[in-house]
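Please walk through this model with the viewer open.

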Protein chains: 2
Amino acid sequence: MPERGSYDRDLINSILDEALICHVGFVHEGAPVVIPTIHARLGETLYLHGSPASRMLRSMRSGDEISVNVTLVDGLVVARAAFHNSMNYRSVVVFGSPRIVTDTQEKRDALEAITEHVVPGRWADSREMTEKEVKGTLVVALPLTEASAKMRTGGPGDEEEDYDLAIWAGVIPLTLTAGEAIVDPLLRVDVATPEYVSEYKRPV
Amino acid sequence: MPERGSYDRDLINSILDEALICHVGFVHEGAPVVIPTIHARLGETLYLHGSPASRMLRSMRSGDEISVNVTLVDGLVVARAAFHNSMNYRSVVVFGSPRIVTDTQEKRDALEAITEHVVPGRWADSREMTEKEVKGTLVVALPLTEASAKMRTGGPGDEEEDYDLAIWAGVIPLTLTAGEAIVDPLLRVDVATPEYVSEYKRPV
């Protein structure tokens with residue numbers, strides 16, 4: 001079967017680590033809300049961050065269950081039959097009750113992980129976060145205990161009788177590609193572009 | 001301001017049309033669920049489809065409100081201060097109560113739109129859907145009346161005093177890129193790869 005679910009921890013971690021963003025679902029006044037945000041994984045914990053004023057993070061203070069989905073689109077599966085068109089993907093779903101991170105060290109570690117998750121190598125180069133900036137960021141932790149992966153790989157699966165048709169079939173692979181970096185016009189002229197920017201790619 | 005919200009219909013439509021997948025949020029037994037799926041827009045309506053057995057689509061039969069988010073990541077904004085790192089993105093949120101599509105013609109039109117949304121030019125080339133396949137697909141329609149866009153563009157916004165620092169800053173642009181198509185090994189040898197496959201790109 002090309003499509004399958006899994007509780008394999010390494011697979012789940014690799015998908016969470018490769019994806020740049022996740023989609024967080026929560027219930028706000030009875031209605032479902034879905035918001036994209038940046039995440040990072042540290043061991044068995046998923047961290048999300050944002051402004052303390054954001055509706056998502058305010059809602060998380062309640063301790064109510066949330067749901068996080070991460071999806072990587074790997075390819076378009078073009079079948080002979082329109083009905084059998086599909087996508088190759090890797091996806092992770094996490095359910096759980098978020099915990100507001102109050103410990104300053106855990107918060108700093110999470111913010112470092114989030115920075116490194118997006119641009120590996122960047123944290124050590126950045127102007128470090130001030131006490132005020134750390135305080136002004138809300139970080140929540142979600143345990144990865146209720147996490148599962150789902151993926152599809154491989155070519156199209158057509159009906160037996162359709163393989164004789166003169167219709168093209170196959171897969172169009174898709175990747176997220178970094179273009180040439182756009183330098184901030186206000187950058188000091190003596191600062192060169194670091195390799196972690198010029199050689200940026202996903203997966204790292 | 002680099003980050004802004006908008007009700008501009010053309011902007012909303014262009015984001016919905018460019019994104020390959022959306023994330024659907026719904027409430028299932030009191031808990032929020034987020035599921036990635038393929039969508040397509042026809043005029044002022046967003047269509048989603050799936051197996052009638054899928055939890056998402058079964059849940060939609062209730063007529064309860066759902067939420068759909070579509071997000072395109074355009075670039076990584078690397079600021080001097082870790083606190084000001086950001087992403088350039090274009091995102092759309094839609095709220096509404098889905099309607100199960102029962103009219104056969106509307107259903108066929110939606111399935112054609114979904115196929116054409118993913119691989120433009122493909123529908124006319126495919127083995128067309130049988131009556132049984134159309135019946136075996138659940139299609140839901142969501143009006144785009146409650147839709148809004150949010151996006152961020154441009155370079156980093158650092159603190160005034162940080163511009164003197166010898167720290168690189170700028171944007172790493174990201175695009176979804178199609179690789180060379182992988183031909184189904186079971187393809188008839190006399191079938192050439194069509195141009196809509198070999199020249200595939202997003203946005204179309």
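Helices (H or I, at least four residues) and strands (E, at least two) are DSSP runs, numbered from the N terminus. The expected span of a helix is 1.5 Å times one less than its number of residues. This is a predicted model: local features need pLDDT of at least 70, side-chain atom pairs count only at pLDDT 80 or more, and totals for chains, interfaces and linings use all residues. Residues are numbered from 1 along each chain as its sequence is written, while chains are lettered from A and ligands numbered from 1 in the order in which they are written.

Start with helix H3 of chain A, residues 104–118. It has 15 residues and reaches 21 Å from its first C-alpha to its last, close to the 21 Å expected at 1.5 Å a residue. A residue is buried if 20 or more other C-beta atoms lie within 10 Å of its own, exposed if 12 or fewer, and partly exposed in between, with C-beta atoms placed from the backbone. In H3(A), the buried residues include Leu111(A), Ile114(A), Thr115(A) and Val118(A). What do the buried residues of H3(A) pack against? In chain A, they pack against strands E3 (31–42), E4 (45–50) and E8 (138–143) and helix H4 (131–135). Strand E5 (66–78) of chain B joins them.

Now go to Asp164(A). It sits in the loop between strands E9 (146–152) and E10 (170–178) of chain A. Asp164(A) is exposed, because 9 other C-beta atoms lie within 10 Å. Asp164(A) and Thr115(A) are 49 residues apart in sequence and 51 Å apart in space, C-alpha to C-alpha.

Two residues are in contact if their C-beta atoms, placed from the backbone, lie within 7 Å. The contact takes 72 residues from chain B and 72 residues from chain A. On the side of chain B that touches chain A, E10(B) gives the largest share, nine residues.

Finally, strand pairing requires at least two DSSP bridges between two strands. Strand E11 of chain A (residues 182–183) and E10(B) pair in the antiparallel sense over two bridges. Val183(A) stands opposite Gly170(B) in E10(B).
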